[in-house]
Amino acid sequence: HILRQLAYEKMDQGLLDRPKNGFSAPISFWLRHGFKDWAFDTLSSSEKKLPNVFDYEKIRKIYAMHLYGKDFGAVLWPYFITMNWLISQSRIEFGE
C-alpha cells in the first residue's frame, strides 16, 4: 500500500490504475532465431522415431514459409511441443 502511494506521487495515475495486461511469448521470433536449430532437430527426431504421426512434409513447408517471413509461429509451436513430448514419452516407454 505504501509503495502504491509513493508511485502515485511519481507516476501517472492512469498508468497505475489500468487493468493488468499480459504479454505473449515471442514464439515466431524464437522459431526464426534462437530455437531454429531446436525446431529442425525436433522435426528430424520426430520423423525418425514417430513415423506416420504427423504430415512432416507439410510441416516442413509451413516452417519454410515461416522462416521466409510469413507468420506461422502460432501454428507450428503446438506441433513442435507435441513432437518433443511424444519423443520424451517414447524414450521412457522403450528405454532409450
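Visitor: Are F54 and Y56 buried or exposed?

Guide: This is a predicted model, in which local features need pLDDT of at least 70 and side-chain atom pairs count only at pLDDT 80 or more, while totals for chains, interfaces and linings use all residues. Residues are numbered from 1 along each chain as its sequence is written, and side-chain values use heavy atoms, with hydrogens and water left out. A residue is called buried under 20% relative accessible area, exposed over 50% and partly exposed in between, with a 1.4 Å probe and protein chains only. F54 has 17% relative accessibility and therefore counts as buried; for both F54 and Y56 the term is buried.

Visitor: Which kind of aromatic pair do the rings of F54 and Y79 form?

Guide: Rings of Phe, Tyr and Trp (its six-membered ring) pair if their centres lie within 6.5 Å; planes under 30 degrees apart count as stacked, over 60 as edge-to-face and the rest as tilted. The centres of the F54 and Y79 rings are 5.8 Å apart and their planes stand at 80°, so this pair is edge-to-face.

Visitor: How many residues apart in sequence are the parts that this pair ties together?

Guide: Helices are DSSP runs of H or I with at least four residues, strands are runs of E with at least two, and both are numbered from the N terminus. F54 lies in the loop between helix 4 and helix 5, whereas Y79 belongs to helix 6, so the pair ties together parts separated in sequence by 25 residues.

Visitor: Which residues of helix 5 are buried, and why do they lie on the same side?

Guide: An α-helix has 3.6 residues a turn, so residues three or four places apart point the same way. The buried residues of helix 5 are Y56, I59, I62, Y63 and H66. They lie on the same side of helix 5 because they cover an arc, taken from the directions from the helix axis to the C-beta atoms, of only 125°.

Visitor: Which exposed residues does the face of helix 5 turned away from its buried side carry?

Guide: The buried side of helix 5 includes I59 and I62. On the face turned away from that side, the exposed residues are K58 and K61.

Visitor: With which residues is F80 in contact, leaving aside its neighbours within four places in sequence?

Guide: Contact means heavy atoms within 4.5 Å. F80 also belongs to a cluster linked by ring pairs, whose members include W30 and W77. With those neighbours left aside, F80 is in contact with L31, W38, A39, T42, L43 and Y63.

Visitor: What is the radius of gyration of the chain?

Guide: The chain has six helices and zero strands. The radius of gyration is taken over C-alpha atoms, and the globule rule is 2.2 Å times the number of residues to the power 0.38. For 96 residues the rule gives 12 Å, and the chain is more spread out than a compact globule because its own radius of gyration is well over that, at 21 Å.
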